[in-house]
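The sequence and structure come first.

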Amino acid sequence: MKQYLASALLLVALSANIGQLQAAVTVDVYYAHLCPDSVRFVQNQLLTLSPQLLNSITLDFIPFGKAQSVNNGQSFICQHGPAECEGNRVQSCILSLLPSQQAQVNYVGCQMSFDADPRGWECAFRSGVNLNAAEACVEGTQGTQLQLEAERRTQLIAPAFIPTIVFNGQFDQALQDRSLVDLAGIIQELLV
């Protein structure tokens with residue numbers, strides 16, 4: 001009898017966990033380092049999420065915007081100029097080195113501010129990331145590879161507007177439009 005009861009309790013616990021896994025929402029944020037609309041999205045939508053909502057989603061930041069690579073990453077051309085290209089690369093590297101989603105959100109929230117150091121190193125320092133590893137990434141092939149991967153992913157959705165927000169791997173124009181003013185509401189709806 002005890003074994004049956006323990007098995008039943010285990011089954012209920014597993015079912016609850018599976019239900020939680022099914023309710024998970026992924027949010028991909030396609031943005032650009034110096035894009036004013038991206039800054040507004042991060043400050044007015046992303047950073048206003050409650051800790052509970054933030055912990056109920058899986059975020060992926062793709063700092064590339066409307067950039068394009070030249071000669072397979074030999075250089076990049078960005079909508080807001082060379083400083084944006086450098087910032088996208090710095091952000092890709094820093095994000096790849098941060099161990100948790102919360103650390104990534106803190107870093108992006110710091111960097112995507114109208115008052116932030118445009119090169120991106122002040123917020124990198126504040127994030128606690130190993131600055132030597134970050135600099136090696138930015139100056140080396142890893143930074144190029146991260147930006148080429150960001151370009152590949154961005155091209156898959158071909159955004160007309162930056163930032164572009166993709167939920168659960170599927171672009172939806174209505175959700176995109178709403179996400180710029182009601183990110184929390186969309187996440188709450190998708191969790192149900």
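This is a predicted model: local features need pLDDT of at least 70, side-chain atom pairs count only at pLDDT 80 or more; totals for chains, interfaces and linings use all residues.

## Aromatic pairs

Phe64 and Phe76 are both buried. Their rings form an edge-to-face pair, because the planes stand at 85°, where over 60 counts as edge-to-face, and the centres are 6.1 Å apart. The pair joins distant parts of the chain: Phe64 lies in the loop between β2 and β3 (68-70), and Phe76 lies 12 residues away in strand β4 (residues 75-77).

The whole structure contains two aromatic pairs. Tyr31 and Phe61 make up an edge-to-face pair, with 6.1 Å from centre to centre and 80° between the planes. This pair too links distant parts of the chain, as Tyr31 belongs to strand β1 (residues 25-31) and Phe61 to strand β2 (residues 57-63), 30 residues apart. Tyr31 is buried at a relative accessible area of 1%, and Phe61 is buried at 7%.

## Helix α8

Helix α8 (residues 141-157) has 17 residues and should span 24 Å at 1.5 Å a residue; the C-alpha atoms at its ends are 25 Å apart, which agrees. Just after α8, Ala158 adopts a positive phi of about 45°.

The buried residues of α8 are Gly143, Thr144, Gln147, Leu148, Ala150, Glu151 and Thr154. They lie on the same side of the helix because they cover an arc of only 160° around its axis. Residues three or four places apart in an α-helix point the same way, since there are 3.6 residues a turn.

Among the elements covering these buried residues are β1, β2, β3, β4, α4 (82-97) and α7 (131-139). The face of α8 turned away from the buried side carries Thr141 and Leu156, which are exposed.

Notes
Residues are numbered from 1 along each chain as its sequence is written. Side-chain values use heavy atoms; hydrogens and water are left out. Rings of Phe, Tyr and Trp (its six-membered ring) pair if their centres lie within 6.5 Å; planes under 30 degrees apart count as stacked, over 60 as edge-to-face and the rest as tilted. Helices (H or I, at least four residues) and strands (E, at least two) are DSSP runs, numbered from the N terminus. Buried means under 20% relative accessible area, exposed over 50%, partly exposed in between (1.4 Å probe, protein chains only). The expected span of a helix is 1.5 Å times one less than its number of residues. The arc is that of the directions from the helix axis to the C-beta atoms. Contact means heavy atoms within 4.5 Å.
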